[in-house]
Structure formats: structure tokens, C-alpha cells
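Biologist: I would like to go through the labels used for this model and hear what each one rests on. Please set the values against the cut-offs.

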Amino acid sequence: MIKIQNLSYQYEGSGIPALNDISLEIRAGEYVALIGPNGCGKTTLIRQLNALSLPDRGVVTVDGLDTSVPANHKEIRRLVGMIFQNPDNSIVGMTVKEDIAFGPGNLQRPPPEIRRQVNEIMESLGLQSLASRAPHTLSGGEKRLVSLAGVLIMNPRYIAFDEPTAYLDPESRRRVLQMMARLHREGIGIIHITHDVSDMADADRLLVMDKGRIIQDGPPREILCKMVEDQDAPVTLPPIMELMHFLNRRGWRLAPDILSVDDAGREIHRLLSGSLPKE
Ligand SMILES: Nc1ncnc2c1ncn2[C@@H]1O[C@H](COP(=O)(O)OP(=O)(O)OP(=O)(O)O)[C@@H](O)[C@H]1O
Ligand SMILES: [Mg+2]
């Protein structure tokens, strides 16, 4: 479990805290979505989960290991993988293969074992054809897959994804979301920062941040429905949610927690099926 108790953090030279008295527990295997407006502190928060930043006040522990103890950092960084918003930040190797092998090399795993694992991971992510390429020559989507490979090879218990679908084409986006859902099914805890609410269909739990605080924490569909009703969403809601809400206000009886066009199609079909001609 990741446990955050009364965490506050302020960047040097800034007059206001980027994280303000946050308390939170993330259980192993949970899929948590994290949303909030630009600059509210999402990236700052996940950097605390693998000791890239340390609390000014409060305590963060990962499976019992306190992030403020330097001797814990190696294990904490293995336990909590991080897919950065900007994948360039995580590139370290001269080739894709070297880049993916960097983490296990650091842990002094035997080279033949590393080679086998690198090949296995590249195959599972469809990266073999890029093995000898220089990482900086890859496209944004390819770089993101390489950084995911570098994280997966470490066998993490949790992975924090910082806007993993930004700039991806619809097909790559679908593949990344499917991969995240698969990792979740395999028992890895997922922390997923996104601005796109339709991305979070697989999340167990939604955290909403604003100005360095967690302002909501609960079941995603419940929180989002309430936002549509109250018209106070801090992020843009999918137009399909607005449409469902609009129709319900006009007397339709649609399920209120529709997030995707597919769900909406099924729901409208259900409602109309009594009046549709038989095929
Ligand atoms: N290195 C830094 N030095 C000073 N201030 C910073 C630094 N990084 C972030 N901040 C500030 O801290 C606040 C939180 O930033 P953060 O990057 O965590 O926001 P975010 O929620 O991830 O936003 P976005 O959705 O735009 O990625 C912002 O006001 C930002 O300007
Ligand atoms: Mg961010």
C-alpha cells in the first residue's frame, strides 16, 4: 500500500504550496484516476510516490518504506514505476535496447538474464524493430512505449502514468489504455493522470485535485455524474455525458453514468428497443 499522511510540499521560490496537507492511501492493485486543472499539483504528487521529491511536511510510505530514508530509494523506485508526461525525461540509453536494460543493469542482474528480459518485454510491446534505434529519433508514442518497457522490466507493484494518452493517435491511445487495463488485471496498482475523462472507464476510484489539495475521492461514475448535474467540473467532461444529462433533463430515462459513446449507444438502444421494428 502507498500511504500519504499530511503531505505538504512547496517548490523553492514559490509563495504557495504545490501540495497542501494531502492524506491518501492507495491499495496494491487499485486503479486510481487523478484529474484536476493544469497546475493543480498532479505531477508534483506522483513525484512523491517514488521519492523523486520528498515531503516538506508529512510522510509518504510505499509498502512500509518511508520515502524520506535515502537507503529506501532504490527499492521504492523499483516498486513504483513512473511514466512521465514528457518521455524525453526518462531516456538514458544510446539505443532502445540499452535504454530498457538500464534499470536491471543498475540492480546488477546478470547480463544474460537482462538480455532475455529485454527481448521478452520488447516482444510483448511490439518494439523489436526499434531495438537498435537511438531513442531520441523515436516518435512521441514510440518513446512512451519504450519508457513503459523500462518500467515493466523492473517488475513494479505500482505504475504512475502521467497523461499517457496525450498526443497519441486513436489507435495508439486504445492500445495504451488496453495495456493499462491488462496490467491492472495482472495485479499492478495503476495511478493514471488524465485530462480525458473517457480514458478512465477502467478506474476503480477517482481523485480530483485542485490547488494542491484532493477535493474529491470516490467512485468515478458517481463523482462525474454529480459534476455534470452541478455543472461545476474542474475538467472538460465528455460531450456524451453532457448529452445524456441534457436528454434526462428533458424526461428521457437514461442511466446517468454514461461515459462513452458505446455505453450511450447501448443505453439508447435499450430505451428504444420496445419501439424499434424487429429485424
Ligand atoms: N520545478 C518547479 N519549480 C517551481 N514551480 C513548479 C515546478 N514544477 C511545477 N511547479 C508549479 O507547481 C504547481 C503544480 O505543478 P504540477 O506540474 O504538479 O501541475 P499539474 O497538475 O501536473 O499540471 P498539468 O496538468 O499542467 O500537468 C504549478 O503551479 C507549477 O507551476
Ligand atoms: Mg502534470
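Biologist: Why is Ala134 called partly exposed?

Modeller: In this predicted model, Ala134 has a relative accessible area of 22%. Buried requires under 20% and exposed requires over 50%, so Ala134, at 22%, counts as partly exposed.

Biologist: Where is Ala134 found, and which residues is Ala134 in contact with, leaving aside its neighbours within four places in sequence?

Modeller: Ala134 is in the loop between H4 and H5. With those neighbours left aside, Ala134 is in contact with Met94 and Thr95, which have heavy atoms within 4.5 Å of it by the rule for contacts. Gln85 is 49 residues from Ala134 in sequence, and the two C-alpha atoms are 20 Å apart.

Biologist: How do you know that the span of H4 is close to the expected one?

Modeller: Helix H4 covers residues 111-124, which is 14 residues. From the first C-alpha to the last it reaches 20 Å, and 20 Å is also what is expected at 1.5 Å a residue. After H4 comes Gly126, with a positive phi near 65°.

Biologist: What puts the buried residues of H4 on the same side?

Modeller: The buried residues of H4 are Ile114, Gln117, Val118, Ile121 and Met122. They cover an arc of only 130° around the axis, and therefore lie on the same side of H4. Pro112, Arg115 and Glu123, on the other side, are exposed. The buried residues pack against helix H3 (96-106) and helix H5 (140-152).

Biologist: Which residues of H7 are buried, and what do they pack against?

Modeller: In H7, residues 220-230, the buried ones are Pro220, Ile223, Leu224, Cys225, Met227 and Val228. Their partners are strands S3 (31-35), S9 (205-210) and S10 (213-218), together with helix H8 (239-249). Gln231 follows H7 and has a positive phi, near 55°.

Biologist: Why is the pair Glu30 and Arg205 called a salt bridge?

Modeller: The closest N and O atoms of Glu30 and Arg205 are 3.1 Å apart. The cut-off is 4 Å between a side-chain nitrogen of Lys or Arg and a carboxyl oxygen of Asp or Glu, so the pair qualifies. Glu30 lies in the loop between strand S2 (19-26) and S3, and Arg205 in strand S9, so the pair ties together parts 175 residues apart in sequence. Both residues are buried. Arg27, Glu30, Arg205 and Asp217 are linked in a network of salt bridges.

Biologist: How many salt bridges does this rule give?

Modeller: The count is 17. Among them is Arg174 with Glu171, whose closest N and O atoms are 3.0 Å apart. Both lie in helix H6 (residues 170-185), three residues apart, about one turn of the helix. Arg174 has a relative accessible area of 42% and is partly exposed. Glu171, at 39%, is partly exposed as well.

Conventions: Residues numbered from 1 in each chain as written. Chains lettered and ligands numbered in written order. Predicted model: local features only at pLDDT ≥ 70, side-chain atom pairs only at ≥ 80, totals over all residues. Heavy atoms only, no water. Buried < 20%, exposed > 50% of the residue type's maximum accessible area, 1.4 Å probe, protein only. Helix = DSSP H or I, 4+ residues; strand = E, 2+ residues; numbered from the N terminus. Expected span 1.5 Å × (residues − 1). Arc of directions from axis to C-beta.
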